[in-house]
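Please look over this model with me. My points follow in numbered form.

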Amino acid sequence: MLGKLPHTKDENVLVGFDKADDAGVYRLNQNLALVQTVDFFTPIVDDPFLYGEIAAANSLSDVYAMGGKPLSALSIVAFPENGDIEILEQILQGGFSKMQEAGCAVIGGHSIRDEEIKFGYAVTGTIDPARVWTNAGARPGDALVLTKRLGTGVISTALKRRLSKEEWEDAAGESMKTLNRKACEIASHLSAESGGSVHGATDITGFGLLGHAREMALASNVTIEIDHARVEALPGALECIRQGAVPGGLKNNEEFASCSVSIAANVPAEIGTLLYDPQTSGGLLISVAAEQAPVLESALRAANIPASIIGRVCQRGDHPIQVR
């Protein structure tokens with residue numbers, strides 16, 4: 001719907017809504033710009049503290065996806081009028097703990113009465129205008145590095161249907177509450193040391209890997225080729241798919257993006273499904289110069305980040321996305 005609005009005529013808007021990027025960037029001066037984003041959603045886990053942690057990590061992620069540093073946040077709360085106030089307190093405490101971990105100050109917020117719980121943050125950060133990562137920066141010849149495993153959507157659906165196992169839920173929860181801060185810092189350091197080898201990035205959230213890769217491919221006017229064997233799944237994710245625990249958002253993602261995607265016949269059906277899975281607080285997809293990709297992958301793994309080189313960027317072909 002934002003695409004139907006006229007673009008803001010302001011030369012200081014470095015990143016607006018026209019490229020479907022992760023966050024907006026507004027230049028304050030030659031060396032400083034603001035990164036702004038907002039995100040909130042309904043509970044996807046039973047534990048209120050964990051839900052708060054995940055919501056905060058998810059809200060912060062868009063700032064990290066631009067290469068920025070979060071500074072302050074405003075909380076967004078919808079809570080039932082007669083709800084248990086201790087549950088709300090746990091949600092807020094969980095979110096606050098992650099904001100503290102990120103070095104991001106919670107300076108206020110807004111709440112409304114609503115029968116359905118919703119929670120998240122509007123986050124403001126800073127960035128050097130000359131070092132903004134966008135989803136339009138991918139270049140032919142780049143390699144693609146993904147920093148988290150996939151499967152949070154199908155595991156959350158299996159949890160609701162009582163089909164999941166505790167160890168699957170624990171692994172998914174740990175992944176979702178993990179900040180993308182360290183991945184951003186490592187990639188930023190490498191890029192600075194190597195003369196700008198990171199060319200673009202996005203984070204993988206509600207549109208799934210293929211949906212967000214599609215946005216990057218279209219914005220960059222390239223074709224993204226994904227090696228399905230290099231994409232790692234969370235424990236139990238493929239089993240959840242085999243049990244039919246497929247969220248409605250996954251089906252919507254496939255219906256929307258499949259016309260832009262070519263999947264080779266040798267790709268297992270459950271892997272093809274996983275690539276459309278809507279992620280909550282997913283990893284960063286980083287487009288980096290091919291010669292620096294192994295260095296980045298090694299540095300991320302040394303920091304206990306489950307990163308993998310999952311594909312490459314090619315000249316624009318028949319489809320924006322190819323899975324082989």
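1. Ala143 stands opposite Arg312 in β12. Four bridges join strand β7 (residues 142-146) to β12 (residues 308-315), and the two run antiparallel. Strands here are DSSP E runs of at least two residues and helices are H or I runs of at least four, numbered from the N terminus. Two strands pair if DSSP finds at least two bridges between them.

2. The model is predicted: local features need pLDDT of at least 70, side-chain atom pairs count only at pLDDT 80 or more, and totals for chains, interfaces and linings use all residues. Residues are numbered from 1 along each chain as its sequence is written, and side-chain values use heavy atoms, with hydrogens and water left out.

3. Seven strands form an open sheet with mixed pairing, in the order β8-β11-β7-β12-β9-β13-β10. β8 (198-203) and β10 (261-263) are at the edges. Each has a single partner strand, so one side of each lacks a neighbour in the sheet.

4. Helix α1 (residues 48-65) has 18 residues. From first C-alpha to last it reaches 26 Å, close to the 26 Å expected at 1.5 Å a residue; the expected span is 1.5 Å times one less than the number of residues.

5. Is α1 mostly covered or mostly open? Mostly covered: 16 of its 18 residues are buried, meaning under 20% relative accessible area with a 1.4 Å probe, protein chains only.

6. Look at the ends of α1. Asp47 caps the N-terminal end, with a side-chain oxygen 2.9 Å from the backbone nitrogen of Phe49. After α1 comes Gly67, whose phi is positive, near 85°.

Definitions and conventions
Buried means under 20% relative accessible area, exposed over 50%, partly exposed in between (1.4 Å probe, protein chains only). A polar contact is a pair of N or O atoms within 3.5 Å; within protein, one must be able to donate a hydrogen and the other to accept it, and residues adjacent in sequence count only if both atoms are side-chain atoms.
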